[in-house]
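Here's a quick tour for anyone meeting this structure for the very first time. Have a look at the fold, then read on.

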Amino acid sequence: MKLQRKNRVRALAVGALAVSGALALTACGSDDTSGGGGAGAAKTSNIKCEGKGKLLASGSSAQKNAMDVWVQAYSGACKDTEINYQPTGSGAGVTTFLQGQTAFAGSDSPLKPDEVTKSKQVCQGGQAIDLPMVGGPVAVGYNVPGVDNLVLDAPTLSKIFNSEIKKWNDPAIKKLNPGAKLPDLKIQPFHRSDDSGTTDNFTKYLKAAGGWKHEPAKKWEGEGGQAASGSAGVSSQVKQTSGAISYFELSYATASKIPTAKLDTGAKAPVDATVDNASKAISEATQVGEGSDLALKLNYTTKAEGAYPITLVTNEIACDKGNKPATLAATKSFLTYISSKDGQSALKELGYAPLPTEIADKVRATVAKIS
C-alpha cells in the first residue's frame, strides 16, 4: 500500500487509548495469558511462532522496558526462538544493522537518506524501512531537595542544558515557579554519552521551541554538563545526584520514582509528562514515509491544552525485502506480535503510548509483506 506523503495522523490520542483486546492469529505455545505476571505483563496465547534459532537486535534504550516484556512473553510462547535485544542506543543500533550484524534495529529517529542508501547493501533487492512501534513522552527528571512540583519551559531548558543557567534559584526558574522554595544549589545537567534518538528528539524540541543554539542530533552538542550511557545511565545519575536534571523515557522515571517537570508550553496550564498527554501531542504528527516506510514527523511546538510536546516514536528498522533467510521467519513473527493488539496492550502500564489504530494497522500490513 503506497502511503501518501504527509498524511495527517488523525485521532491518535483516542487510538492510543483504544488499543486493546486480541489479534486473531493462530495460537502457538502457552495458554498462559499473563506473560509472566506483574506490571506490563503481555498476553501470549495468540502468538504465532515462526522460525527458530537466535534473533539478534539492538538500538534504542528508550524502548528497553517494552522489549523486556515483549521478549519475555514471546520467548515463553516460542521455545525454539531466542531473542537477544541490546539497548546500545539508536545510533549504535542502526550502525550495527547496516553492517548486517542484526535482524532488526530500534531507533527513536527515522532513517536518514544516506542510511537508506547504505541499507541497500544489506537488504538485497530492497531497503531498510521505519516501522513505528512505541510512542511516549521524554520526561525531564530532576533531583532538587524540597521541590516536587517543578515547572520549566523550552527556553529555560535550553539554557540549563547549555550551562547558561547554573543555579536552581536562577530568576528564570523562579519566574516559572512562584512560591516554590528553590535552593541555592548548583544545577547538574546530565546528557547521553552515546548517540541517541532520545537526544535527537529532545534537542529537536529545544531547537523548535526554546532557541537551542546547536543543531539537533543523536550526538550531544550542548556545552558543559556530564554524560552517562543510555537512558538507564542518565536516570541513575539523576536519582543519586543532588541538583541533577536529565531527559529520558518516562518509564525510567516511573521505575526509579524520579519526579518529572511540568512544561509551560503556552497553554493555559503547565503540562505533565504522561502517556495520555504525549498522545495528544503525537496526534499532530505527520506521516512522511513513502512506500513501505512509515516514518513520522512530530510537532514539538504544540500549544494544545494538555499536550506534552517532548515525545518520541521508536521505530523498528528492518528490510522491506532481502532479509536474511535464516532469520526472516522469526523476525516477521516477532514484529507481528509486538505490533499486535496483544503486544501493544502491555505498553501503557509501562509508561509508553500504544500505537494508534490507524498506524498499527499499517505497521501490521507492512510487516506481513516483508520478505
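## Ground rules

Two strands pair if DSSP finds at least two bridges between them. Strands (E, at least two residues) and helices (H or I, at least four) are DSSP runs, numbered from the N terminus.

This is a predicted model, where local features need pLDDT of at least 70 and side-chain atom pairs count only at pLDDT 80 or more, while totals for chains, interfaces and linings use all residues. Residues are numbered from 1 along each chain as its sequence is written, and side-chain values use heavy atoms, with hydrogens and water left out.

## The sheet

Let's start with the open sheet: 8 strands form it, in the order S3-S2-S4-S13-S5-S9-S7-S8, with mixed pairing. Strand S3 (81–86) and strand S8 (226–228) are the edge strands, each pairing on one side only. On average, neighbouring strands are turned by 25° against each other, direction ignored. Axes here are lines fitted to C-alpha atoms, for helices over the stretch in contact, and angles run from 0 to 180 degrees between N-to-C directions.

Strand S4 (residues 104–107) is antiparallel to S13, and 3 bridges link the pair. Gly106 has Glu316 in S13 as its bridge partner.

How many residues of S9 are buried? The count is 6 of 6, so to speak a mostly covered strand; buried means under 20% relative accessible area, exposed over 50% and partly exposed in between (1.4 Å probe, protein chains only).

S5 and S9 run antiparallel, joined by 5 bridges, and Ala139 stands opposite Phe248 in S9. S7 and S9 run parallel, with 2 bridges; here Pro189 sits opposite Ile245 in S9.

## The largest pocket

The largest pocket has a volume of about 210 Å³. Helix H7 (197–210), strand S12 (296–297) and strand S13 (311–319) each give two or more residues to its lining. Among the lining residues are Asn201, Lys204, Leu296, Lys297, Val313 and Asn315. The lining divides into 7 nonpolar, 2 polar and 3 charged residues.

A pocket, on a 1 Å grid over the protein atoms alone, is an open set of points where a 1.4 Å probe fits, with protein on both sides within 12 Å along at least five of seven lines; lining residues have an atom within 4 Å of a point. Grid points are joined across faces, edges and corners, and a volume is the space filled by probe spheres set on the points. Ala, Val, Leu, Ile, Met, Phe, Trp, Tyr, Cys and Pro count as nonpolar, Asp, Glu, Lys and Arg as charged, and the others, Gly among them, as polar.
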